[in-house]
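Visitor: I'm new to this one. Could you show me how to read a few of its features?

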Amino acid sequence: MIKTDIIGNLTQDPRTNTVNDTTFCNLRLASNKKRKNKDGNYEEETTFLNASAIGKPAETLGKYLSKGSKVYLSGDLVDTEYTNKEGNQVRDKELRIREFEFLGGKADGAKPAASNDGEPF
């Protein structure tokens with residue numbers, strides 16, 4: 001397995017599902033980096049990655065993240081295979097999340113955490 005760390009923003013709301021008391025969460029992440037092209041100018045390159053979590057981490061990610069949320073994910077990069085809508089077999093990579101950290105704040109699209117005193121801070 002290949003251990004991978006990535007920081008990016010969710011391209012859509014997390015998709016969660018519970019089967020036999022086990023929660024699954026699927027995320028789609030976009031990560032940007034700047035690189036110099038052959039002319040010496042900087043251009044932005046975006047990488048998209050699917051990620052998944054199981055159990056308590058899946059519950060937490062599904063509860064507090066939304067489209068646009070910035071997040072750090074760490075885990076194992078694995079090969080996946082599925083059949084798309086057109087009936088074609090597709091091979092892809094997916095990050096199986098082992099660790100995560102929420103980055104940014106509510107303005108970045110994250111759902112607010114519950115507060116027990118009603119105060120904003």
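Guide: Let's go through a hairpin, a surface patch and some aromatic rings. This is a predicted model, where local features need pLDDT of at least 70 and side-chain atom pairs count only at pLDDT 80 or more, while totals for chains, interfaces and linings use all residues. Residues are numbered from 1 along each chain as its sequence is written, and side-chain values use heavy atoms, with hydrogens and water left out.

Visitor: Which strand pairs with β2, and in what sense?

Guide: Strands are DSSP runs (E, at least two residues), numbered from the N terminus, and two of them pair if DSSP finds at least two bridges between them. Here β2 (residues 15-19) and β3 (residues 22-36) pair in the antiparallel sense over five bridges. Thr18, for one, has Thr23 in β3 as its bridge partner. The two strands form a hairpin with two residues between them, and Asn20 in the turn has a positive phi of about 50°.

Visitor: Is Ile54 buried or exposed?

Guide: Buried means under 20% relative accessible area, exposed over 50%, and partly exposed in between (1.4 Å probe, protein chains only). Ile54, at 55%, is exposed, and it lies in strand β4 (residues 42-54).

Visitor: And how many aromatic pairs are there?

Guide: Rings of Phe, Tyr and Trp (its six-membered ring) pair if their centres lie within 6.5 Å; planes under 30 degrees apart are stacked, over 60 edge-to-face, the rest tilted. That gives two aromatic pairs. Phe100 and Phe102 form a tilted one, 5.6 Å centre to centre with 45° between the planes. Phe100 is partly exposed at 27%, and Phe102 is partly exposed at 34%. Together with Tyr64, Phe100 and Phe102 form one aromatic cluster.

Key: Helices (H or I, at least four residues) and strands (E, at least two) are DSSP runs, numbered from the N terminus.
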